[in-house]
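Take a look at the side-chain contacts in this chain.

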Amino acid sequence: MPTSEATVKIERPSRYLTQLCRHAQQMGGRKGHQIPGHLGHRPPAERPQRVEAEWSDTHGTITFDWGTCTVDATDDTLELRIEADDQENVRRIEELIARNLTRFTARDPVSVEWRSKDGSTTTERSRTLHGSQASAGGRKRGRGQAMLIAVTVAVGVAIHVGVGVGLLAMPQWTGMIVDLLLLAVAVKLVFVGVHLYRRRKVARTRS
(Lines give C-alpha, C1' and ligand atoms only; values in the text may rest on other atoms or scores of the structure.)
Protein backbone atom coordinates (compact mmCIF):
# COMPACT_ATOMS: atom_id res chain seq x y z
CA MET A 1 0.00 0.00 0.00
CA PRO A 2 1.48 3.41 -0.97
CA THR A 3 2.40 5.61 1.98
CA SER A 4 3.75 9.09 2.55
CA GLU A 5 5.14 10.71 5.70
CA ALA A 6 6.17 14.16 6.86
CA THR A 7 7.67 15.63 10.02
CA VAL A 8 6.69 19.27 10.50
CA LYS A 9 8.58 21.48 12.95
CA ILE A 10 5.93 23.69 14.51
CA GLU A 11 5.08 25.52 17.71
CA ARG A 12 2.08 24.20 19.67
CA PRO A 13 1.71 21.03 17.56
CA SER A 14 -1.22 19.79 19.63
CA ARG A 15 -3.18 22.90 18.68
CA TYR A 16 -2.66 22.30 14.97
CA LEU A 17 -3.46 18.59 15.30
CA THR A 18 -6.82 19.56 16.79
CA GLN A 19 -7.37 22.24 14.15
CA LEU A 20 -6.65 19.83 11.28
CA CYS A 21 -8.96 17.16 12.66
CA ARG A 22 -11.74 19.55 13.59
CA HIS A 23 -11.64 21.12 10.12
CA ALA A 24 -11.78 17.65 8.56
CA GLN A 25 -14.80 16.78 10.70
CA GLN A 26 -16.55 19.99 9.64
CA MET A 27 -15.65 19.28 6.02
CA GLY A 28 -17.32 15.89 6.28
CA GLY A 29 -20.47 17.53 7.61
CA ARG A 30 -20.78 20.05 4.77
CA LYS A 31 -22.31 18.71 1.63
CA GLY A 32 -20.59 20.22 -1.38
CA HIS A 33 -17.79 21.75 0.70
CA GLN A 34 -14.67 22.54 -1.34
CA ILE A 35 -11.15 23.39 -0.24
CA PRO A 36 -10.34 26.96 -1.36
CA GLY A 37 -7.29 27.77 -3.43
CA HIS A 38 -4.41 29.70 -1.84
CA LEU A 39 -0.94 30.95 -2.63
CA GLY A 40 -1.06 32.55 -6.04
CA HIS A 41 -4.77 31.90 -6.72
CA ARG A 42 -4.41 28.17 -7.26
CA PRO A 43 -7.60 26.36 -8.33
CA PRO A 44 -9.64 24.69 -5.56
CA ALA A 45 -8.24 21.38 -4.36
CA GLU A 46 -10.09 18.16 -5.11
CA ARG A 47 -12.84 17.36 -2.65
CA PRO A 48 -13.26 13.97 -0.97
CA GLN A 49 -16.77 12.55 -0.87
CA ARG A 50 -16.36 11.23 2.69
CA VAL A 51 -14.34 12.61 5.60
CA GLU A 52 -14.35 11.45 9.21
CA ALA A 53 -12.03 12.45 12.05
CA GLU A 54 -11.32 11.51 15.63
CA TRP A 55 -8.56 12.88 17.82
CA SER A 56 -7.05 13.51 21.23
CA ASP A 57 -4.43 16.08 22.23
CA THR A 58 -1.61 13.93 20.85
CA HIS A 59 -3.08 11.64 18.18
CA GLY A 60 -5.63 12.04 15.41
CA THR A 61 -6.97 9.99 12.50
CA ILE A 62 -8.57 11.56 9.42
CA THR A 63 -10.31 9.06 7.15
CA PHE A 64 -11.13 10.02 3.57
CA ASP A 65 -12.70 7.90 0.86
CA TRP A 66 -9.22 8.24 -0.71
CA GLY A 67 -7.30 6.86 2.28
CA THR A 68 -6.19 7.75 5.81
CA CYS A 69 -3.97 10.39 7.39
CA THR A 70 -2.76 9.90 10.96
CA VAL A 71 -1.40 12.86 12.92
CA ASP A 72 0.77 12.66 16.05
CA ALA A 73 1.89 15.64 18.12
CA THR A 74 5.19 15.63 20.00
CA ASP A 75 6.70 18.53 21.94
CA ASP A 76 7.67 20.47 18.80
CA THR A 77 6.57 18.50 15.72
CA LEU A 78 3.58 17.12 13.88
CA GLU A 79 4.17 13.61 12.55
CA LEU A 80 1.96 12.94 9.52
CA ARG A 81 1.43 9.57 7.82
CA ILE A 82 -0.76 8.91 4.78
CA GLU A 83 -1.91 5.50 3.54
CA ALA A 84 -4.02 4.99 0.40
CA ASP A 85 -4.81 2.33 -2.22
CA ASP A 86 -2.81 4.06 -4.95
CA GLN A 87 -0.29 6.85 -5.42
CA GLU A 88 -2.83 9.25 -6.91
CA ASN A 89 -4.94 9.12 -3.75
CA VAL A 90 -1.79 9.68 -1.67
CA ARG A 91 -1.15 12.78 -3.80
CA ARG A 92 -4.69 14.06 -3.20
CA ILE A 93 -4.36 13.74 0.57
CA GLU A 94 -0.90 15.33 0.55
CA GLU A 95 -2.29 18.29 -1.37
CA LEU A 96 -5.25 18.75 0.95
CA ILE A 97 -3.25 18.46 4.20
CA ALA A 98 -0.49 20.79 2.90
CA ARG A 99 -3.02 23.44 1.87
CA ASN A 100 -4.77 23.35 5.21
CA LEU A 101 -1.56 23.51 7.25
CA THR A 102 -0.37 26.42 5.11
CA ARG A 103 -3.63 28.26 5.70
CA PHE A 104 -3.65 27.58 9.45
CA THR A 105 -0.06 28.82 9.89
CA ALA A 106 -0.27 31.83 7.56
CA ARG A 107 1.18 34.19 10.20
CA ASP A 108 4.11 31.92 10.98
CA PRO A 109 4.50 29.64 7.93
CA VAL A 110 5.78 26.08 8.20
CA SER A 111 7.47 23.89 5.60
CA VAL A 112 6.07 20.44 4.83
CA GLU A 113 8.15 17.82 2.99
CA TRP A 114 6.49 14.51 2.22
CA ARG A 115 8.60 11.35 2.06
CA SER A 116 7.59 8.16 0.27
CA LYS A 117 8.14 4.70 1.75
CA ASP A 118 11.57 4.38 0.11
CA GLY A 119 12.69 7.63 1.74
CA SER A 120 12.60 9.81 -1.39
CA THR A 121 10.87 13.18 -1.22
CA THR A 122 7.96 14.21 -3.38
CA THR A 123 8.84 17.89 -3.67
CA GLU A 124 9.90 17.56 -7.30
CA ARG A 125 6.41 16.71 -8.49
CA SER A 126 3.58 19.13 -9.33
CA ARG A 127 2.27 19.17 -5.76
CA THR A 128 5.42 20.81 -4.38
CA LEU A 129 4.83 21.81 -0.85
CA HIS A 130 3.02 25.04 -0.21
CA GLY A 131 4.65 25.55 3.19
CA SER A 132 8.00 26.31 1.52
CA GLN A 133 6.39 28.98 -0.67
CA ALA A 134 4.63 30.44 2.34
CA SER A 135 7.95 30.56 4.21
CA ALA A 136 9.41 32.70 1.42
CA GLY A 137 6.44 35.02 1.79
CA GLY A 138 7.01 35.09 5.55
CA ARG A 139 10.66 36.09 5.07
CA LYS A 140 9.62 38.90 2.73
CA ARG A 141 7.10 40.13 5.30
CA GLY A 142 9.80 39.96 7.97
CA ARG A 143 12.16 42.11 5.89
CA GLY A 144 9.33 44.57 5.27
CA GLN A 145 8.58 44.80 8.99
CA ALA A 146 12.26 45.39 9.78
CA MET A 147 12.40 48.20 7.20
CA LEU A 148 9.23 49.73 8.63
CA ILE A 149 10.71 49.70 12.13
CA ALA A 150 13.93 51.31 10.87
CA VAL A 151 12.00 54.06 9.11
CA THR A 152 9.90 54.64 12.23
CA VAL A 153 13.03 54.99 14.35
CA ALA A 154 14.56 57.42 11.84
CA VAL A 155 11.43 59.57 11.80
CA GLY A 156 11.23 59.51 15.59
CA VAL A 157 14.85 60.60 15.93
CA ALA A 158 14.31 63.38 13.40
CA ILE A 159 11.28 64.64 15.32
CA HIS A 160 13.17 64.54 18.61
CA VAL A 161 16.11 66.39 17.12
CA GLY A 162 13.86 69.03 15.52
CA VAL A 163 12.02 69.68 18.76
CA GLY A 164 15.27 69.67 20.67
CA VAL A 165 16.90 72.25 18.41
CA GLY A 166 14.03 74.65 19.06
CA LEU A 167 14.16 74.15 22.80
CA LEU A 168 17.94 74.36 22.97
CA ALA A 169 17.59 78.08 22.25
CA MET A 170 16.29 78.31 25.81
CA PRO A 171 19.35 77.88 28.05
CA GLN A 172 17.41 76.76 31.13
CA TRP A 173 16.16 73.66 29.26
CA THR A 174 19.39 72.68 27.49
CA GLY A 175 20.66 69.97 29.86
CA MET A 176 17.27 68.34 30.42
CA ILE A 177 16.40 68.27 26.69
CA VAL A 178 19.72 66.70 25.71
CA ASP A 179 19.27 63.96 28.33
CA LEU A 180 15.70 63.23 27.19
CA LEU A 181 16.72 63.07 23.53
CA LEU A 182 19.54 60.66 24.23
CA LEU A 183 17.27 58.48 26.37
CA ALA A 184 14.56 58.36 23.68
CA VAL A 185 17.05 57.37 20.97
CA ALA A 186 18.59 54.69 23.22
CA VAL A 187 15.17 53.17 24.02
CA LYS A 188 14.23 53.02 20.35
CA LEU A 189 17.53 51.39 19.38
CA VAL A 190 17.19 48.80 22.16
CA PHE A 191 13.63 48.00 21.06
CA VAL A 192 14.69 47.48 17.44
CA GLY A 193 17.71 45.39 18.44
CA VAL A 194 15.67 43.06 20.69
CA HIS A 195 12.98 42.64 18.03
CA LEU A 196 15.46 41.72 15.29
CA TYR A 197 17.41 39.38 17.62
CA ARG A 198 14.25 37.45 18.50
CA ARG A 199 13.25 37.09 14.85
CA ARG A 200 16.69 35.78 13.88
CA LYS A 201 16.73 33.39 16.84
CA VAL A 202 13.37 31.93 15.81
CA ALA A 203 14.54 31.65 12.19
CA ARG A 204 17.70 29.78 13.25
CA THR A 205 15.66 27.44 15.43
CA ARG A 206 13.33 26.55 12.56
CA SER A 207 16.11 26.07 9.98
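How many salt bridges does the count come to? The count is 7, taking a salt bridge as a side-chain nitrogen of Lys or Arg within 4 Å of a carboxyl oxygen of Asp or Glu. The model is predicted: local features need pLDDT of at least 70, side-chain atom pairs count only at pLDDT 80 or more, and totals for chains, interfaces and linings use all residues. Residues are numbered from 1 along each chain as its sequence is written, and side-chain values use heavy atoms, with hydrogens and water left out.

Start with Arg 115 and Glu 5. Their closest N and O atoms are 3.9 Å apart. This pair links distant parts of the chain: Arg 115 sits in strand β6 (residues 115-116) and Glu 5 in strand β1 (residues 3-9), 110 residues apart. Strands here are DSSP runs of E, at least two residues; helices are runs of H or I, at least four; both are numbered from the N terminus. Arg 115 is partly exposed at 28% relative accessibility. Buried means under 20% relative accessible area, exposed over 50%, partly exposed in between (1.4 Å probe, protein chains only).

Now the helix. Glu 95 and Arg 99 form a salt bridge at 2.8 Å, N to O. They lie 4 residues apart in helix α2 (residues 87-104), so about one helical turn separates them. Both Glu 95 and Arg 99 are buried.

Turn to the rings. Phe 64 and Trp 66 have ring centres 6.0 Å apart and planes at 20°, so the pair is stacked. Rings of Phe, Tyr and Trp (its six-membered ring) pair if their centres lie within 6.5 Å; planes under 30 degrees apart count as stacked, over 60 as edge-to-face and the rest as tilted. Phe 64 is buried at 3%.
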